[in-house]
Amino acid sequence: MPKLVVTSQTPAGLSHELGTNWVTIGRAAGNTFQILDASISGQHCEVRLRGDELAVRDLRSTNGTFIKNTMISEGVLKPGETLRLGNIELRLEMSAPVSAPPKVESPAPSPVKPGEAVKVAIKVPKKFQVLLVDDSMAFLETISELFDVMGNQTWEIHKASAADQALVILLQNPIALVVLDLGMPMLDGVQLLGIIHRRYPEVKKVVLTGKASESQRAACLANGAELFLEKPITPDGIKFVFNVLNDLLSWTHREGFSGTLRQVGLPDVIQMQCLGRNSCILEVRDQQTHGEIYIEDGAIIHAKAGDLTGEKAFHRLLTLANGEFQLHQFKKPSARTVQGPWELLLMESARSHDEEKNAAAGGDTIRITKTPPATKPVPPAENAPVPITAPPSAPLQQSPAPPAPAPEAEFKVLGDDIIVVSTYDEDGKWHTKDEPKK
């Protein structure tokens, strides 16, 4: 079987058998043929066997890809020739000539008997046309095969490994979605994204890259990208990316659609239109209410419902649980009555709706109040002088009776905060605290 063999002293003897698929070569663990050498890039190049030759594509490596000591971006390696990646040299070895698989002739169809039903194979037309743009043909082949299976063959997938190829495909086909990488040769992904957005504003655009940063994310979203995603490296990640792309495609093809609010929630419809930066008029009606929500480039700018306009009308329409809705072509309203971000508008509507539901379910609410605690006397300051109350004049009567005690309910327990300054003794006289009794 044909194979690519390392001929350098380190790591000598390392080889990889070649098949009909693209093979990535590099230092990183995710490559098909991993070579651990510091002169080789993480993803250095990719190769594919074609007959008795090897097609080679450089993947923007740091130290370059060489065939017969000539640096190439794309080239062909023949048996016995040397392929150099950084400081590592490899040779293509053909163990046996590669021949095309034998042609198997299908048996002639049997004649159809009179009255027998004839089965006719009907080719189902593809629903979506998708363009994948990436400088790695190995990635394009792998991801397109997976997406084709996940989409139940409803995607017609086009592939391009360079910007010029992508622009030609867009010119010749009604592409609905473009998924492109940032790392492209000659013309990078951000520039290509801007060109596609200016020429084909109706086409959905998603960036799928392996090197994501916040500055790149901001640049891509500013140039017309609906989504900015990282390349998946796990089966669950690939499934997630496909579901997001398929959902974006489905909503693209629902312009002008209608439905009932029992089937689809109105907040979901608004959210998808705003995420897709679409422009439309969303008509909503039930037996009592009829209104419209105006969305321009993903922003809610106007709403009306009966005599209400602005945010009050918007919140009123979102309380409808039954009824119908329909999307119409966008037309400028007479005035802009809604200014806030759509996310905050949806959150406020949900909060108001919950409050109304709770109020209706609970009836009259009894307010529970707590009796405030008794105020504790404030103790005097640490060095403050203690006021002494002058004792009253002694009564004129002889042997006055002691004052009658107060009712028991009036007695209070003396605490540490009470200071005794004088007492009234049985002799009918007041005595200060430090005054001795006579």
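Which residue in strand 11 is the bridge partner of Leu85? The partner is Ile88. Before I go further, please note that this is a predicted model, in which local features need pLDDT of at least 70 and side-chain atom pairs count only at pLDDT 80 or more, while totals for chains, interfaces and linings use all residues. Residues are numbered from 1 along each chain as its sequence is written, and side-chain values use heavy atoms, with hydrogens and water left out.

Let me turn to the sheet. Strands are DSSP runs of E with at least two residues, helices are runs of H or I with at least four residues, and both are numbered from the N terminus. Two strands pair if DSSP finds at least two bridges between them. In this model, 6 strands form an open, antiparallel sheet, and their order is 2-1-11-10-7-8. Strand 2 (15-17) and strand 8 (70-72) stand at the edges with a single partner strand each, so one side of each has no neighbour in the sheet. From one strand to the next, the twist averages 30°; the axes behind such angles are lines fitted to C-alpha atoms, and the angles run from 0 to 180 degrees between N-to-C directions.

With strand 10 (residues 82-85), strand 11 pairs in the antiparallel sense over 4 bridges. These two strands form a hairpin with 2 residues between them, and Gly86 in the turn has a positive phi of about 65°. Strand 11 (residues 88-93) also pairs with strand 1 (residues 3-6), again antiparallel and over 4 bridges. There, Leu4 stands opposite Leu92, and Val5 stands opposite Arg91. The covered face of strand 11 carries Ile88, Leu90 and Leu92, whereas Glu89, Arg91 and Glu93 are on the uncovered face.

I now move to the nonpolar core, meaning a set of buried Ala, Val, Leu, Ile, Met, Phe, Trp, Tyr and Cys residues joined through side-chain atoms within 4.5 Å. Here, buried means under 20% relative accessible area, exposed means over 50%, and partly exposed lies in between, with a 1.4 Å probe and protein chains only. The largest such core has 24 residues, and Phe147, Trp155, Leu177 and Leu245 have the most contacts inside it. Among the elements that each supply at least two residues are strand 12 (128-133), helix 1 (137-150) and helix 5 (235-252). Helix 5 gives the most, with 6 residues.

Finally, the aromatic rings. Rings of Phe, Tyr and Trp (its six-membered ring) pair if their centres lie within 6.5 Å; planes under 30 degrees apart count as stacked, over 60 as edge-to-face, and the rest as tilted. The whole structure contains 3 aromatic pairs. Why is the pair of Phe147 and Trp155 edge-to-face? The ring centres are 5.5 Å apart and the planes stand at 70°, so the pair is edge-to-face. Phe147 is buried, with a relative accessible area of 1%, and Trp155 is buried as well, at 2%. Trp155 also forms a tilted pair with Phe242, at 5.0 Å centre to centre and 35° between the planes. This pair links distant parts of the chain, since Trp155 lies in strand 13 and Phe242 in helix 5, 87 residues apart. Phe147, Trp155 and Phe242 form one aromatic cluster.
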